[in-house]
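Please keep the structure open while reading.

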Amino acid sequence: MNRREALRAWLQDSVVVADGAVGTLLRSRGFPSSLPVEAAVFVQPERVLEIHRDYLRAGAQILTTDTFRANRLHLSLHGLADRLEEINVRGVELARRAAQGSPAWVGASVGPLKVMLRPYGEVTEEEAREACREQVRALAGAGPDLFVVETQSSVLEALFFLEACREAAPDLPVLVSLTVGREGRTFFGDSPVEGLRRLAAAGADVVGLNCSLGPADLLPFVEEMARRVDHPLAAMPNGGYPAEVDGRIVYLSSPEYVATYVRRYADLGVHVLGGCCGTTPETIAAIARLLKGRRPVRRQPSGGGRLEAEEAPPAPAAEAPDDWHALVEKLTGMARQLAQHCELIAREGHKVVLRLDPAHRFLQPHQDKLRDELTKLWGAPLRLEIELGAPRETPKARAEKQKRARQEQAIAAIENDAFVREVCDLFDASIDESTIKPL
Ligand SMILES: [Zn+2]
């Protein structure tokens with residue numbers, strides 16, 4: 001059995017606890033802010049080792065390496081590009097040393113490049129691809145158990161990394177996780193759940209969401225993911241929102257508060273659970289306690305409205321692929337960038353109707369290119385109509401959602417308060433949630 005099969009078997013039987021933050025924990029334990037956290041693997045290796053061991057003791061079954069942004073584009077900003085291979089190899093070795101003698105897996109952490117591709121930025125698609133390949137090759141050479149491609153804010157970049165992982169180590173599983181902002185999109189404007197469906201279709205072993213939002217605000221996205229993505233799932237929230245207290249960045253959530261939400265993610269059928277920025281070994285210990293012995297919940301994802309639209313109309317030519325996401329993979333350049341932000345609304349005979357995400361309306365001028373490529377792929381002349389979608393969420397709906405999230409946060413904070421619990425136990429009383437008001 002190779003590692004990919006082993007992971008599949010593991011997730012069929014168990015809910016898996018991953019570790020929490022490495023970068024923010026290094027900072028809070030005094031790693032100098034003048035250096036990137038990835039440099040800790042050679043500046044303070046004993047501190048990195050100690051963090052892995054603390055997570056292992058807390059109950060983590062996957063230890064992620066301190067190699068998050070050890071790619072050429074990021075390291076060269078710090079004059080460390082010539083140490084790229086060393087950093088990635090040492091990162092895996094340190095986690096491996098900590099995991100020795102335990103069943104824990106070593107997850108090679110791969111963060112985003114976060115670059116704008118031409119024509120909007122300076123980096124070409126090929127340069128970005130090569131940067132992905134270079135880091136992944138270095139990691140693969142050190143023998144991790146899986147890749148953890150995390151905090152990705154562009155689906156396209158995540159696909160480059162996935163492709164690089166498959167190339168470098170075809171037998172190793174890849175977990176790919178996107179990050180989502182408060183407005184419900186990735187930094188580059190992708191719909192997270194649509195992105196995860198594409199990544200699953202492209203062959204990721206596990207897909208998920210991590211970082212950016214605290215556990216309460218991530219919940220609606222985890223719910224949507226569980227409803228619509230038929231694939232093993234992961235979720236790793238931050239330890240609340242970052243806030244500045246006395247000139248330091250702190251994350252204002254107790255470990256128990258985070259764990260209560262993570263348990264809800266498990267109830268929804270998520271398989272791999274852990275924490276991101278601001279979480280600590282205490283958070284992971286609280287999560288491990290709540291999830292002990294849990295088996296994964298079986299889900300029946302519906303796929304949502306778009307899937308039905310994809311399945312309905314007959315194809316214009318015999319070889320027309322019936323999966324829009326698979327088709328998008330075959331496109332190139334600007335045709336692909338445009339198609340990535342469209343959903344297929346209808347396909348009747350030779351007429352294809354797409355709906356473009358209004359946040360990406362600037363891609364619309366490339367529709368001739370898209371029409372030509374689709375015509376070539378489908379082998380039939382095509383009439384392409386692109387309509388502009390309505391913005392997803394009104395400011396009022398967003399404000400309502402935030403209010404609900406704050407209310408839930410207030411309720412969880414009170415319910416998890418040790419003093420309140422003691423009083424409730426003492427008087428055999430319970431909390432009337434409707435009376436709780438957020439500050
Ligand atoms: Zn994070």
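## Basis

The coordinates come from a predicted model, and local features are reported where pLDDT is at least 70. Side-chain atom pairs are counted only at pLDDT 80 or more.

## The eight-stranded sheet

Eight strands make up an open sheet with parallel pairing, in the order β1-β10-β7-β6-β5-β4-β3-β2. β1 and β2 (62-64) are at the edges with a single partner strand each, so one side of each has no neighbour in the sheet. Strands of a sheet pair through backbone hydrogen bonds, in either a parallel or an antiparallel arrangement.

Two of the pairings can be followed at residue level. Strand β7 (residues 233-236) runs parallel to β10 and is joined to it by two bridges; here alanine 234 is opposite valine 272 of β10. β4 and β5 are also parallel, with four bridges between them, and phenylalanine 147 stands opposite valine 174 in β5.

## Strand β5 and its two faces

How many of the five residues of β5 are buried? Five of the five are, and the strand is mostly covered. In a regular strand, side chains alternate between the two faces of the sheet. For β5, Val174, Val176 and Leu178 lie on one side, Leu175 and Ser177 lie on the other, and all of these are buried. Both faces of the strand are therefore covered, as a residue counts as buried when 20 or more other C-beta atoms lie within 10 Å of its own.

## Helix α8 on the sheet

Helix α8 (residues 155-168) is made of 14 residues. From its first C-alpha to its last it reaches 20 Å, close to the 20 Å expected at 1.5 Å a residue. The helix lies across β3, β4 and β5, and its direction is at about 170° to that of β4.

Buried positions of α8 are Val155, Glu157, Ala158, Leu159, Phe160, Phe161, Leu162, Ala164 and Cys165. Their cover includes the strands β3 (105-110), β4 (146-152) and β5 (174-178). It also includes the helices α7 (125-141), α9 (192-201) and α15 (333-340).

## Helix α12 and its partner α11

In helix α12 (residues 281-291), Pro281, Thr283, Ile284, Ala285, Ala286 and Ile287 are buried. These residues pack against β1 (16-17), α4 (45-58), α11 (255-267) and β10 (272-273). Just after the helix, glycine 293 has a positive phi of about 70°.

Two packed helices are described by the angle and the distance between their axes. The axes of α11 and α12 come within 8 Å, crossing at roughly 40°. That angle makes α11 oblique to α12, and the crossing is right-handed. On the α11 side the contact involves Pro255, Glu256, Val258, Ala259, Val262, Arg263 and Ala266. Facing them in α12 are Glu282, Thr283, Ala286, Ile287, Leu290 and Leu291.

## The α4 and α6 pair

α4, part of the cover of α12, also packs with helix α6 (residues 84-99): their axes come within 9 Å and cross at roughly 45°. The two helices are therefore oblique to each other, in a right-handed crossing. α4 contributes Pro45, Val48, Leu49, His52, Arg53 and Leu56 to this contact, and α6 contributes Arg90, Leu94, Ala95, Arg97, Ala98 and Ala99.

## Alanine 226

Leaving aside residues up to four places away in sequence, alanine 226 touches Leu233, Leu268, Gly269, Val270 and Arg299. Valine 258 is 32 residues from alanine 226 along the chain, and their C-alpha atoms are separated by 19 Å.

## The three-stranded sheet

A further open sheet has three strands in the order β11-β12-β13, with mixed pairing. β11 (342-348) and β13 (383-388) are its edges, each with a single partner strand, so one side of each lacks a neighbour in the sheet. The twist averages 20° from one strand to the next.

β11 and strand β12 (residues 351-356) are antiparallel and share six bridges; glutamate 343 is opposite arginine 355 in β12. Helix α16 (residues 367-378) packs on this sheet, where it touches β12 and β13, and its direction makes about 135° with that of β13.

Definitions and conventions: Residues are numbered from 1 along each chain as its sequence is written. The expected span of a helix is 1.5 Å times one less than its number of residues. A residue is buried if 20 or more other C-beta atoms lie within 10 Å of its own, exposed if 12 or fewer, and partly exposed in between; C-beta atoms are placed from the backbone. Two residues are in contact if their C-beta atoms, placed from the backbone, lie within 7 Å. Two strands pair if DSSP finds at least two bridges between them. Axes are lines fitted to C-alpha atoms, for helices over the stretch in contact, and angles run from 0 to 180 degrees between N-to-C directions. Angles under 35 degrees count as roughly parallel, over 145 as roughly antiparallel, 65 to 115 as roughly perpendicular and the rest as oblique. A crossing is left-handed if the near helix is turned anticlockwise from the far one by less than a right angle, and right-handed if clockwise.
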